[in-house]
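Hi,

Here is the structure I promised to pass on to you. Have a look at it first, and then read on for my notes.

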Amino acid sequence: MSTNIERFAYDNKIVKQFAIATALWGAVGMLVGLIVALQLVYPALNFDFAPTTFGRLRPLHTNAVIFAFVGNGIFMGVYYSLQRLCKARMWSDRLSAIHFWGWQFIIVVAAVTLILGFTTGKEYAELEWPVDIMITLVWVIFGLNMFMTIIKRRERHLYVAIWFFIATWVTVAMLHIVNSFELPVSLLKSYSWYAGVQDALVQWWYGHNAVAFFLTTPYLGLMYYFVPKAANRPVYSYKLSIIHFWALIFLYIWAGPHHLLYTSLPDWAQSLGTVFSIMLLAPSWGGMINGLLTLRGAWDRVREDVVLKFMVVAVTAYGMATFEGPMLSLKNVNAISHFTDWTIAHVHVGALGWNGFLTFGMLYWLVPRMWKTTLHSKKLANWHFWIGTLGIVLYAVPMYWAGWRQNEMLTQFTEDGRLQYQFLDVVNGMQGFYALRSLGGLLFLVGAIFMIVNLWKTATQGSFQSNEETEAPALAKNYAIHGNEHWHRVIERKPVQMLVLALVAVAIGGIIEMIPTFLIKSNIPTIEAVVPYTPLELEGRDIYIREGCYTCHSQMVRPFRAETERYGEYSKAGEFVYDHPFQWGSKRTGPDLAREGSGNNKKSNSWHYNHMADPTSTSPASIMPRYPWLHTDVIDESMTPAKIRAMITLGVPYPEGYDQLAVEDMRKQAATIYDDLKLSESSLLLGENGLQPNQEIIALIAYLQKLGRDIEVSNTTKTAAK
Amino acid sequence: MKFINYLESITGVSIYPLIALIIFTSIFTVVVIKTFATSKEIISEHENIPLD
């Protein structure tokens, strides 16, 4: 067989661009993280200014770290490794460039819209529908470029890293499209297609698998390339990687409901989530062991080589986080951890340790190679390693401790059976932990800045080569199969087949979890007393979403004595049937609000008015930001009819033609709250024009007073009937 | 227009979970058996791809 050697060049320019974007957005994302961490210690850092409040910056932090830092990190690693593994240049330089600039444009638009309050209110999927469409387009461009490169490759077999890239691409596409089903009301406002329990299930199917297929599988692919490269030896067990791959992608997709244990999600779905999460431990640790044991016989080099140091800690952090994940999905452990800072600790072991350190390792490996030089300062890189590791420890330990303590305090009863602590007591006990955590975050950020300086100096002392010349034999068109071919080799030669199989594997779990919930009406028992939001309440709810209240307040009372005592009756699935989107939240930095308008939790309108102007006026030592603009900005009535029409389209039973009456009804309800507020003697002259009936605060009060009220009505009716 | 309406019409949907579990278990078993039956030479060839 004649071999035809072909000369070609790898495109390093695109790798360089993504590397720069990774480092810079990483620093930005971490900086915003540090700011939000400090806001919990010094609420004054919210600056009484809407775009800089915690509720808007926290989504900016999570989105920046996930999609800007890790996202660019994925593309950097994929564009470098894919070309080498395929022995081919990226199929189209133009598509590479569109991908790069498109992604950076999305990041900028995302950052601006998020701080301006344009959000869908669904965690890690906050971006509004035009941005969702842009993401889809850029993702398709990335996929096309990747697949065409794979098809035009000169290496017959697809190395395991490429399978992970393929699974990542197809699953993220599926997750993003399914979770982003939303009905646009205007250019930057939409409502989730799903409501309540269904929305929660789809969201956490997405949220969990965004962790799985954006933060994990692409990075596992990168681990399978860069760890063997850095250690200069093949992966420990290729067989393990095959089993690990298929088991991981198949099992991961089922585990989403473990984010919703003890909520109103049907029990069978919760149990399914738990079972698959426990099973997930096996393939996750399969990957970790494979990564770590690749260094067998090379551990002496780990002491010398900073790249390997970062990678070892990254893979170890992956192992810790993926051990903790299944444990957290056990109902008894989840009862403790959920809604507390334990979750924050858990995700940061993953984000700082696994994603952060693997990215740093890749950058330290790539930059000297692409600039044909050696690292400017090993000493500085070692400083980065130690300061970063210390940062992770200082971040995680206080958060674990804080999470445990929050649960201990919130579930503590006195001898005569009353709750021992108010929620504020717990908040006040957290300052030290939050301060230490901020210090941990600061150290991690300082380490990253050391890296940026070090890599910058490395680049300036070297000379960058945009096109790396190389040669490889062309792939023979007619591949002769010799004897009994190994089954997996057949798949490995066919990327499209691989894509279809991966899609089938991941789709099954999603379909099975979701279809029954959508299908069977009995899964969501309706409650007659639960009625749609009035137009004013709906506007108030949109303000609640806009300000990111869900980042600190849950709306989900779990069936525990400590919670029903504190908040009231536990939440039922039927209460959320008109919630587009659901607002259950995932963290209680503040108290649950599901029963804010009912029972013992109910407060007067003037309490809410003053509380939103200055939370410490009603709740001393509260760390909640102030919302002074709600007392001056007016409700945008022009949007209300369109919002009602959208809700009717989504199945909310407003009477026909109600959109035309909505504004009038809204004004009437606002007037009653306005009149009530005027009666109270509190400081009602906030803002330039003082209290007005069309101010946003009125709508928000209407919404907060609605929370839990329907279920109270339902109970009163039942009692009366008896 | 509610999403639920589109799916309600599917009959016998309860068989879905069963089919899925059978698919998963069988694929997983086949993957494990076949993988361990692979020759060392083939594995060695593959695992060295990044280092070539």
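How are α1(A) and α3(A) oriented to each other, roughly parallel or roughly antiparallel? Please keep in mind that this is a predicted model. Helix α1 (residues 13-39) and helix α3 (residues 93-115) of chain A pack at about 15 degrees. That angle is under 35 degrees, so α1(A) and α3(A) count as roughly parallel. Their axes lie 10 Å apart, and α1(A) passes α3(A) in a left-handed crossing. On the α1(A) side the contact is made by A:I14, A:Q17, A:F18, A:A21 and A:W25, and on the α3(A) side by A:S96, A:F100, A:Q104 and A:I107.

A second pair to look at is α2(A) with α12(A). Helix α12 covers residues 341-370 of chain A, and α2(A) packs against this helix at an angle of about 40 degrees, with 11 Å between the axes. The two are therefore oblique to each other, and here too the crossing is left-handed. From α2(A), the residues involved are A:V65, A:V70, A:G73, A:M76, A:G77 and A:Y80; they meet A:A351, A:N355, A:T359, A:M362 and A:L366 of α12(A).

Next, α6(A), which runs over residues 196-231. With 36 residues at 1.5 Å each, this helix should span 52 Å, and its end C-alpha atoms are 49 Å apart, which agrees. Along the way α6(A) has a kink of about 30 degrees, centred on A:N209. Of its 36 residues, 35 are buried, so α6(A) is largely enclosed by the rest of the structure. Just after the helix, A:N232 takes a positive phi of about 55 degrees.

A:T52 sits in the loop between α1 and α2 of chain A. It has 17 C-beta neighbours inside 10 Å and therefore counts as partly exposed. Leaving aside residues up to four places away in sequence, A:T52 touches A:N46, A:F47 and A:L57.

Finally, chain B. Of its 52 residues, 10% are buried.

Notes:
Residues are numbered from 1 along each chain as its sequence is written. Chains are lettered from A and ligands numbered from 1 in the order in which they are written. This is a predicted model: local features need pLDDT of at least 70, side-chain atom pairs count only at pLDDT 80 or more; totals for chains, interfaces and linings use all residues. Helices (H or I, at least four residues) and strands (E, at least two) are DSSP runs, numbered from the N terminus. The expected span of a helix is 1.5 Å times one less than its number of residues. The bend at a residue is the angle between axes fitted to the seven residues ending there and the seven starting there. A residue is buried if 20 or more other C-beta atoms lie within 10 Å of its own, exposed if 12 or fewer, and partly exposed in between; C-beta atoms are placed from the backbone. Axes are lines fitted to C-alpha atoms, for helices over the stretch in contact, and angles run from 0 to 180 degrees between N-to-C directions. Angles under 35 degrees count as roughly parallel, over 145 as roughly antiparallel, 65 to 115 as roughly perpendicular and the rest as oblique. A crossing is left-handed if the near helix is turned anticlockwise from the far one by less than a right angle, and right-handed if clockwise. Two residues are in contact if their C-beta atoms, placed from the backbone, lie within 7 Å.
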